[in-house]
Amino acid sequence: MADVANARTSRTGSEPSTAELVQRATEQVSRLVRDELALARAELTQKGKHAGIGIGLFGGGGALALYGLGALVATAILLLDLVLPAWAAALIVAVVLFAMAGILALVGKKQVSQAVPPVPAATVRSVRADVDTVAAAVKDRGRA
């Protein structure tokens, strides 16, 4: 890879002036920031598309599962109706369902509290690498 700092020289033919170096650095930093923002935008767009499709499929599966659960509840009530009055069978099934709903809600609350905000991980790694590279270049330039 060519050394960008040495690609152009000043008008006198010697090393580039400080003003030229600052101008180049400013241009490169601006381009780097634009590129990193474009990468973050593209990464978040891709993640958003996948999340949207997944949520739609999850919702469809949930709706079908709800109908299946209704059929199972009716079956449980009819089965208990063979040995108990219908009102008692329905009451027992309702209490069991509410207990299960409470347990699931508590587990769900715990999972949501452990969730982390979505972060463009590749962009974060790339920016850190860029910062490390610039910092190393500045240290090397200061030693020279």
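Modeller: Ala-94 sits in helix α2. The model is predicted.

Colleague: Why is Ala-94 called partly exposed?

Modeller: Its relative accessibility is 28%. Buried means under 20% and exposed means over 50%, so Ala-94, at 28%, counts as partly exposed.

Colleague: Which C-alpha separation is given for Ala-94 and Val-73?

Modeller: The C-alpha atoms of Ala-94 and Val-73 are separated by 8.7 Å, and the two residues are 21 residues apart along the chain.

Colleague: What makes the packing of α1 and α2 oblique?

Modeller: Helix α1 (residues 18-80) and helix α2 (residues 86-114) pack at an angle of about 140°, with their axes 8 Å apart. The crossing of α1 and α2 is right-handed.

Colleague: Which residues of α1 and α2 meet?

Modeller: From α1 there are Val-73, Ala-76, Ile-77 and Leu-80; they meet Ala-89, Ala-90, Ile-92, Val-93 and Leu-97 of α2.

Colleague: Where does UniProt place the feature "transmembrane region"?

Modeller: The unreviewed UniProt entry places it at residues 51-80 and 86-107. In the model, residues 51-80 are 100% helix and 0% strand, with the end C-alpha atoms 42 Å apart. Residues 86-107 are likewise 100% helix and 0% strand, and there the end C-alpha atoms are 32 Å apart.

Colleague: What makes Val-124 partly exposed?

Modeller: Val-124 lies in helix α3 (residues 121-143). Its relative accessibility is 27%. The limits are under 20% for buried and over 50% for exposed, so Val-124 counts as partly exposed. Val-124 and Glu-36 are 88 residues apart in sequence, yet their C-alpha atoms are 9.0 Å apart in space.

Colleague: How many helices and strands does the protein have, and what pattern does it follow?

Modeller: There are three helices and zero strands, and the pattern along the sequence is α-α-α. Of the 144 residues, 8% count as buried. Among contacts with a separation of 6 or more, 44% come from residues 24 or more positions apart.

Conventions. Residues numbered from 1 in each chain as written. Predicted model: local features only at pLDDT ≥ 70, side-chain atom pairs only at ≥ 80, totals over all residues. Heavy atoms only, no water. UniProt positions renumbered as here; feature names shortened; annotations may be inferred. Helix = DSSP H or I, 4+ residues; strand = E, 2+ residues; numbered from the N terminus. Axes fitted to C-alpha atoms, helices over the stretch in contact; angles between N-to-C directions. Left-handed = near helix turned anticlockwise from the far one by under 90°. Contact = heavy atoms within 4.5 Å. Buried < 20%, exposed > 50% of the residue type's maximum accessible area, 1.4 Å probe, protein only.
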